[in-house]
Amino acid sequence: MSAHTKEPTPGAGVNATWNYTLGSIVFLFVAMDLIIILDLLGRFSETRSGTDLALVAVCSLAAAVRIRFCWFLRDRRDGALPETWWTVALFAPALVAWGLAFVAPETALFATVQLWLSGVLWAFFVRWRLRLVALALLLGMVVTPVAVHAAQGIPQTSQIFGALSGFVLFYGVMLPAMLYASLWMWRVVWRLDEARQLGAELAVTQERLRFAADLHDIQGHHLQVIALKAELAERTMGSAPEQAAAQLSEIRIIAKEAMEETRSLVAGLREVGLQSELENASEVLTLSGAACTLAVSSDPAAPEAQRVLAFAVREATTNILRHSNASWAAISLTDVRGGTELVVTNDGVAGTPERAGGGSGLVGLRKRVQAIGGTLDATAGTERGSEPAPHTFELRVWIPEGVST
């Protein structure tokens, strides 16, 4: 067995994708906030104004809260905001800066843009319609201080026309689209990772079901045959000891086969032969007292078709031995409708016909048949020839040609 172990690729995976996404968003905010704060510090060093100092303080606080707020974007869902006090902390310094923009014309742009940066970040936690309304309201509030100063004829700040202000304006305007694109890509990766995990869990579940079905086939069939042969050995022990000894010898062989098949099942190497299952079914049903006829005119070439039909023969035989008191049974394998059809019939159904078709074995067998495009019908109370036969049970399995797996 290979000792290969699968290690996660460095820099890949859903967590790495989120780190790249968060890093790009945080970098954008840090770049704009750094430009704004350095510009305001330069102005404060010239004016020593209390207003400029207060603006530096609130812009720094707003920047710090925004960067921390970015971490909430990972688990963002529409209408699911972080705790209320985080929203208050996000908007409080930005609103103070926006208010200072009315009394500080030369720094009005960088002061009022704080409300836009914080508001855009908050808007991605609310639903679409409210988001659009919030962005429109924010835009109106942000341009108001600048418009007021322009209307009053107050000389506008040189920031508007500078290279740094141009950088902040451009990326500030593009911020909603850039955030939306980044978070959309992150959401796609997240969904794909969820789908991959669900696929892996489904594969594990299917393998467990297959293992359970195989185990049911092995234990159910072999134990039923052992019980039958043990009963025959017990009945003939006094009158025909040689026949009883032969039955006991077969019981030993069947028990050994059951152990070997169980080991093969655990190792994933189990194979079931169709011809051997047909011959075994005919022999066992005859030993149980049922007059069994076997008619084989077809032999599917596909290994998977043979495997599924072999399981069907084994399941049908086990059910006859376990649940019926059949006096006759018939097994046929023929070419029908572009495929191979197996029909197993017996007359040992007890009780009402509706009770005859249940059982977890048939459920598992039906899944196997459907997995390769076949059909399974289990019918009680079918006719035999032109005469109604209320105690018959018929299992009909059809497998199409061209089964490759």
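## Arg-396 and its salt bridges

Arg-396 is partly exposed in this predicted model, with a relative accessible area of 28%. A salt bridge joins Arg-396 to Glu-341, and their closest N and O atoms are 3.0 Å apart. Because Glu-341 belongs to strand E3 and Arg-396 to strand E7, this pair ties together parts 55 residues apart in sequence. Glu-341 counts as buried, at 8% relative accessibility. Through shared partners, salt bridges connect Arg-337, Glu-341, Glu-394 and Arg-396 in one network.

## Other salt bridges

The count of salt bridges comes to 11. One of them is between Arg-314 and Glu-277, with the closest N and O atoms 2.4 Å apart. This pair links distant parts of the chain, as Arg-314 is in helix H9 and Glu-277 in helix H8, 37 residues apart. Arg-314 is buried at 4% relative accessibility, and Glu-277 is buried with a relative accessible area of 6%.

Asp-52 and Arg-43 form another salt bridge, where the closest N and O atoms are 3.7 Å apart. Asp-52 is buried, at a relative accessible area of 6%, whereas Arg-43 is partly exposed at 24%.

## The sheet

The open sheet has five strands in the order E1-E2-E3-E7-E4, with mixed pairing. Strands E1 (291-296) and E4 (375-380) are at the edges; each has a single partner strand, so one side of each lacks a neighbour in the sheet. From one strand to the next, the twist averages 10°.

E1 and E2 are paired in the parallel sense over six bridges. Leu-294 has Ile-331 in E2 as its bridge partner. Helix H8 lies across E1, E2 and E3, and runs at about 160° to E1.

## Nonpolar cores

The largest nonpolar core has 39 residues, of which Ile-331, Leu-342, Leu-365, Leu-395, Val-397 and Ile-399 touch the most other members. Elements that each supply at least two residues include helix H6 (163-236), helix H9 (303-323), strand E2 (328-336) and strand E7 (393-400). H9 gives the largest share, 10 residues.

Beyond four places in sequence, Leu-365 touches Val-308, Phe-311, Ala-312, Glu-315, Leu-376 and Leu-395. A second, separate core of 35 residues includes Ile-25, Trp-86, Leu-115 and Leu-138.

## Confidence

The protein chain has a mean pLDDT of 82, and 86% of its residues reach 70 or more. Residues 1-7 stay under 50 in pLDDT and have zero contacts beyond four places in sequence. Residues 352-357 also have pLDDT below 50, but this stretch has eight contacts beyond near neighbours in sequence.

Definitions and conventions: Residues numbered from 1 in each chain as written. Predicted model: local features only at pLDDT ≥ 70, side-chain atom pairs only at ≥ 80, totals over all residues. Heavy atoms only, no water. pLDDT = per-residue confidence, 0-100. Contact = heavy atoms within 4.5 Å. Core = buried A, V, L, I, M, F, W, Y, C linked by side-chain atoms within 4.5 Å. Buried < 20%, exposed > 50% of the residue type's maximum accessible area, 1.4 Å probe, protein only. Helix = DSSP H or I, 4+ residues; strand = E, 2+ residues; numbered from the N terminus. Pairing = 2+ DSSP bridges. Axes fitted to C-alpha atoms, helices over the stretch in contact; angles between N-to-C directions. Salt bridge = Lys/Arg side-chain N within 4 Å of Asp/Glu carboxyl O.
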